[in-house]
Amino acid sequence: MVIIMLSGLLGGILSGFFKLGWEILLPPRTPSRNKTNPPQYLLQQFGFSEEFTHRYFIVSRQKVQYISLMMHFGFSITFSFIYVILVQYSTLFSIGQGSVYGIVIWILFHLLIMPIMKTIPSISNQPLSEHFSELLGHILWGFVIQICYIYILTIF
C-alpha cells in the first residue's frame with residue numbers, strides 16, 4: 001500500500017510538471033483557444049462560473065490561473081494512482097514503460113470523451129499540431145509515472 005501511495009502521488013506530481021513543461025515547448029492550443037482552456041471550460045460545463053474558473057494569482061507580474069493547475073494536477077495524480085494500481089495487478093499495463101498507458105489516456109480523453117462532451121473540438125477540427133503535442137506529451141507523462149513507480153519500488 002505504501003508503494004501505491006508514494007509512487008502514485010510522486011508520479012502524478014512529477015508527470016504533471018513534465019506535461020506542463022512539454023506544453024511550453026509545444027503549445028497544444030492557439031492563444032485564442034487557450035483563453036478558456038479545456039479544464040476551465042469543462043468546469044463551466046458543470047456549472048462553475050467563468051469568474052471562478054479563471055481565478056489567478058500574480059507571480060513576476062504574470063497571471064497564474066490556479067484553478068486550471070488544480071484540475072491539471074488532480075487529473076495527473078488520479079490517473080497516476082490508477083496506473084500504479086493497474087500495474088500491481090498485471091505488468092501488461094506497463095507495456096512501453098508507461099508510454100502506452102499515456103497513449104490510451106490521450107485517446108480516451110482527447111479523441112473521445114472531451115470531443116463527445118464538446119469540451120474541445122472534434123478530432124477533425126483539432127489542428128494536427130494539437131494532436132502532435134498532446135500525443136507526445138501524454139507519452140512522456142506516462143513514462144514519468146513509470147519512472148517514479150520503479151524508483152519507489154527500489155526504495156521498498
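The legends below describe close-up views of a predicted model.

View 1. Q146 lies in helix α6, which spans residues 128–155. Its relative accessibility is 6%, and because buried means under 20% relative accessible area, Q146 counts as buried. Leaving aside residues up to four places away in sequence, Q146 touches Y83, S94, Q97 and G98.

**View 2. Crossing of helices α4 and α6.** The axes of helix α4, residues 66–89, and of α6 come within 10 Å of each other and cross at roughly 60°, and the two helices are therefore oblique to each other. The crossing of α4 and α6 is right-handed. On the α4 side the contact is made by F75, S76, F79, S80, Y83, V84, V87 and Q88, while α6 contributes W141, I145, Q146 and Y149. Sorted by class, the residues in this contact of α4 with α6 are eight nonpolar and four polar, with no charged residues.

View 3. Within helix α2, which runs over residues 38–45, P38, Q40, L42 and L43 are buried. Just after α2, G47 takes a positive phi of about 105°.

Note on methods: Residues numbered from 1 in each chain as written. Predicted model: local features only at pLDDT ≥ 70, side-chain atom pairs only at ≥ 80, totals over all residues. Heavy atoms only, no water. Helix = DSSP H or I, 4+ residues; strand = E, 2+ residues; numbered from the N terminus. Buried < 20%, exposed > 50% of the residue type's maximum accessible area, 1.4 Å probe, protein only. Contact = heavy atoms within 4.5 Å. Axes fitted to C-alpha atoms, helices over the stretch in contact; angles between N-to-C directions. Parallel < 35°, antiparallel > 145°, perpendicular 65-115°, else oblique. Left-handed = near helix turned anticlockwise from the far one by under 90°. Nonpolar A, V, L, I, M, F, W, Y, C, P; charged D, E, K, R; others polar.
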